[in-house]
Each structure stands twice: as structure tokens, then as C-alpha cells.
Amino acid sequence: IMKWVISRCFGILLAGAVFAGEVSRDGYRDFSSADGRNIHGRIVKYDAQRKKLFFERDNKKQMWIAPAAFCPEDQDYIKEWIAADQFLSESKLKISIEKKSNSDAASERHTQPDSNDLNARARGVLEILSELEYVGYELTMDNRTGAALERVRVEYRCLVERRGFNGHSDDVAWLSGKLEVGGSAGKGKNSYKTPSICLEMAYEVREEHTATRNDRSTVREKLWTDDVCGVWFKVYGPSVDGVQVVREICLPSDFSRTHSWSSAEGETTNSAREPFSSGLQGVQESAQEYDEKWSKLKKELRDKNPSNNVRQRKKYITCVKELSIFYDVQYDEGGEYSQDIARFYMTSKEYESALEWCEKSLQKGNLNVHRDLSKLYASGNSRTFDGAKAIEHALIVLEDQEKKDPLCLMELASAYARDGQFKMAIKTQKQAIERWRKTRGYGTSYETQLKERLELYKSGKPFTM
């Protein structure tokens, strides 16, 4: 592996580049020419227009030479070297990261909470206010090499710090994960998002009486604040002689100088919830107790009205967010709790949040969530629409069925329509209607809805919730 490549890495300001593994000390290796002669040297650069290598022998003699001048085995090595060289080039592959965040401040309440208040019952605290910020990162790769990147994988480490006040201790947590790139890093720009991290600023609010006992004042004390210290990405590219090329990028740019990648080894947290074991939800005595509380809170939420009335809808969404704070990942082994939250967000038409929690549920191994994902990608809103992904999840749902369920066929038709495949959408919707009649009978109100969707697809329009 070439010495010049290694020295080049130290000059990169934001995106570092290194070879993972042992490297040659002088950068030279043994080559063989097409006629069998041995040549000890190194590749300095490659001219794509001339399709020639600038080659340096160990006696410092330099020349331009075509790859075909080398034996087949060395030609394979040269292809690897060229791919790695393009991957390392900032002009041919630009890698950047951007922080994405949105805040959601809880409305303040200065009166005693109602006995049926979800917030108070879930947290077991008289009055807690929290301001939430959901932070994520978007990695963008601008591929100008002229060829699709293959077998690229991305890992990241994110350090979150909690600063405690009034008896609450400080804490830090590493969040680690992988971004699914696969063969999607084609020509042009492609972006990949990390799951959101929930940062919290929490206060305890209480009312105090004055000496006259007639007046009351509100006291607000800070409990803790969360902050992201930095994020570190490693983008793994092609290999040269079995040694993989790696590009690194951090935010802030000096984060890798003050922290160690190995300090986060073994962490696999990938959560929309804050990563600390301490929090508003308190310590549960057992999984059974937590399950009982969850069921009770879920029932209370189902009894609330997610109507189109602005005030009622805001109140409902607030309760859903409070349930998501009560959520504890350690009890969500099968992903059912995260799916509950996703469906409440769907009911309140918060489709982006629903998608985020569906993905979390899927990571926990919940296969039932594929149908929800198909529905969100096919008919959520403009920020969740993705016809190809909707089809993928809908087909997974149908794979496990001996007899095609009409509602699942309906979701597949919706996915085809979102992807612009209206002929397939019409065909599949007709199958859904036929299957519905065989299993549920004629003349039902749901059959009417199925027919309405069919007419929508015939007019060249997808269904939107």
C-alpha cells in the first residue's frame, strides 16, 4: 500500500483517510510484467483520461505505463489500487455530515395535576417539566468517480453527556450504530440518517405558600440537561491486498483528537430515547409491574380523542410524547412497546415520528411492524413517501401467509401506486376486493372503501392517509 496515500491522510481537515491494517514501510512492492520480468516499485498516481499509471521503480526512475503491461494478478491489484485511490480522493468522493435537530418544549403547568393526568401517573412525580430536543446526523456522500461504490459500510460513535443539578449526578453515554449503505452509494449525492437521539432538559416545578398562606409562588429547579459532545463516522471502502481503506469524519472536526474510538466499543444503542439509565420514568421493580403500568397508560390514551379539533389533537400528541418518555428500552424485548408508540403517532398523524418508532420496533425484532412501515412509506406524508420501500415491506408481510389477506393485498396495492406502478396497483387491488368478498362477504362498508381506492388508482393517483 502506497506510502504517499498514508502521508496524504494527515492533510485532510474534516474527512480523514487511513488504511485499516498493516502497511508497507516504504510503499514499494514486487510487480511482474506481462513477459515475466520482476519489477520492484510503486504506483504514484493514475490518469483516468490516458488510462495510464505513473509508476516509480525502487531506483527512483519514473515512467508512465499502461496497466496491461503487468501480469493478470498485478492488474487485479491495480484495479483495487485505483478504486481505493478514488475513494480517498476528496475531489472524487466528498463526504460531509450535518446535524439535524428539532425542539419540543412541554407546556408549563403551575397547578396540581389532575388525578387522571397521564404525565403524573406515568412518572410518579408531582410536577416535572421537560424540554426535548431530537438530534440526529445526516451523512452525505457525493460520488464523482463515475462508478457506483460497492461494499461500503459506515459506523458511527456519538457521545452524549448529562449534567446533573440538585443532587442528580453527571453521566455520559456512547451511542453506536451502523448506517445501511450497501449498493446504494451510486453516482451523485446520497444521504443516510442516523436514528434520532432524545436530549432532555428537565425541571421540577412546585408551588410554595407565602407566610400569609394566602399567596402561592412557583419554584422551578433544574434537574439535568443533556448535550451531544460530538459524533465520529468511519466510512469503510474498498480493500487493497486485503487491507481496507477507511475515511473518517467528525463533528466537531477535532473530536477524534480528544476521544478514543475504542472507548465506545461494544455499545450498540440505537435509540430515539435518551440513553441514560436514570430518568423521569424511575426504577421499575419488575417487568410485570412495568407491563401493567404500560397497559394502563395505553388504555388511557386510547380513551382520549385524537380529533381534528386543534386543541384536542395537541393534547393527544402531548400524551403520546409523554408515553414515549415513559418508554424504557430494557423492557421492550420484542418491540411491542415501540410499535404501540408508533401506532399512536400514526393515529395523531405524526407520520415521521411514527416511522422513527416503527424502525426502532423492527430493530428489536418485531416482524409485525412491516405492515405499519409499508403503510407509512406508501400513504403517510411527503416526508415518509418511498414507494420502493413500501413494496419491500408489503411483500415481506405477504410472504408468511398461506392465503393472501385482503388488507395486506390492499397495502401492497397502495405501495405499487406510490411507486407509480398503477397497473400493478389496479391488479392487486382487484385481488384484494375479490379476496375480501370470499372471506368477509359482499356489501360491507369496507368493501366500499376498497372500491374507492381502486377508482383512485385507475385515475393515476396514489392513496394518502
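Q: Which residues are linked with Arg29 in a network of salt bridges?

A: Side chains of opposite charge can pair when their charged atoms come close. In this predicted model, Arg29 is linked with Asp74 and Asp241 in such a network. A search of the whole structure finds 20 salt bridges.

Q: What is the phi of Asp241, and where does Asp241 lie?

A: Most residues other than glycine have a negative phi, and most peptide bonds are trans. Asp241 has a positive phi, near 55°. This residue lies in the loop between β12 and β13, and it is partly exposed, with a relative accessible area of 46%.

Q: Where is Lys51 found, and is Lys51 buried or exposed?

A: Lys51 is not a glycine either, yet its phi is positive, about 55°. You will find it in the loop between β3 and β4. Its relative accessible area is 57%, so Lys51 counts as exposed.

Q: Is the peptide bond from Leu251 to Pro252 cis or trans?

A: That bond is cis, with omega near 0°. To locate it, look for Pro252 in the loop between β13 (243-251) and α4 (255-258).

Q: Let's return to salt bridges. With which residue does Glu56 form one?

A: Glu56 pairs with Arg42, and the closest N and O atoms are 2.9 Å apart. Glu56 belongs to strand β4 (residues 52-57) and Arg42 to strand β3 (residues 38-47), so the bridge ties together parts that are 14 residues apart in sequence. To judge burial, use the cut-off of under 20% relative accessible area. Glu56 is buried because its value is 7%, and Arg42 is buried at 15%.

Q: Which parts of the chain does the salt bridge between Arg313 and Glu350 tie together?

A: In this pair the closest N and O atoms are 3.4 Å apart. Arg313 sits in helix α6 (residues 310-326), while Glu350 is in the loop between α7 (336-347) and α8 (351-363), so the pair ties together parts that are 37 residues apart in sequence. Arg313 is partly exposed, at 27% relative accessibility, and Glu350 is partly exposed at 25%.

Q: Which residue meets Arg343 in a salt bridge?

A: Asp372 does, at 3.0 Å from N to O. This pair links distant parts of the chain, with Arg343 in helix α7 and Asp372 in helix α9 (residues 369-379), 29 residues apart. Arg343 is partly exposed, with a relative accessible area of 41%, whereas Asp372 is buried at 6%.

Q: How many residues does the largest nonpolar core have?

A: The largest nonpolar core has 49 residues. Among those with the most contacts inside it are Tyr290, Trp294, Leu323, Tyr327 and Ile341. Helix α11 (residues 406-418) gives the most to this core, with nine residues. Apart from it lies another core of 40 residues, which includes Ala84, Tyr156, Leu179 and Ile197.

Q: Which residues is Trp294 in contact with, leaving aside its neighbours within four places in sequence?

A: The contacts of Trp294 are Leu323, Phe326, Tyr327, Tyr337, Asp340 and Ile341.

Q: Where is Leu159 placed, and which residues does it touch?

A: Look for Leu159 in strand β8 (residues 152-164). Its relative accessibility is 8%, so it counts as buried. Not counting residues up to four places away in sequence, Leu159 touches several residues, including Val172, Trp174, Cys229, Phe255 and His259. The C-alpha atoms of Leu159 and Val172 are separated by 7.1 Å, and the two residues are 13 apart along the chain.

Q: What volume does the second largest pocket have?

A: Its volume is about 520 Å³. Of the 20 residues that line it, the closest to its centre are Lys79, Ala83, Ala148, Glu150 and Pro238. The elements that give two or more residues to this lining are α2 (72-88) and β12 (216-240), and α2 gives the most, with six. By class, the lining has ten nonpolar, five polar and five charged residues.

Q: How many helices and strands does the protein have?

A: The protein has 13 helices and 13 strands. Of its 465 residues, 45% are buried. Among contacts with a separation of 6 or more, 65% are between residues 24 or more positions apart.

Methods:
Residues numbered from 1 in each chain as written. Predicted model: local features only at pLDDT ≥ 70, side-chain atom pairs only at ≥ 80, totals over all residues. Heavy atoms only, no water. Core = buried A, V, L, I, M, F, W, Y, C linked by side-chain atoms within 4.5 Å. Buried < 20%, exposed > 50% of the residue type's maximum accessible area, 1.4 Å probe, protein only. Helix = DSSP H or I, 4+ residues; strand = E, 2+ residues; numbered from the N terminus. Contact = heavy atoms within 4.5 Å. 1 Å grid on protein atoms, 1.4 Å probe; cavity = no way out; pocket = protein on both sides within 12 Å on 5 of 7 lines; lining within 4 Å. Points joined across faces, edges and corners; volume = space filled by probe spheres on them. Nonpolar A, V, L, I, M, F, W, Y, C, P; charged D, E, K, R; others polar. Salt bridge = Lys/Arg side-chain N within 4 Å of Asp/Glu carboxyl O.
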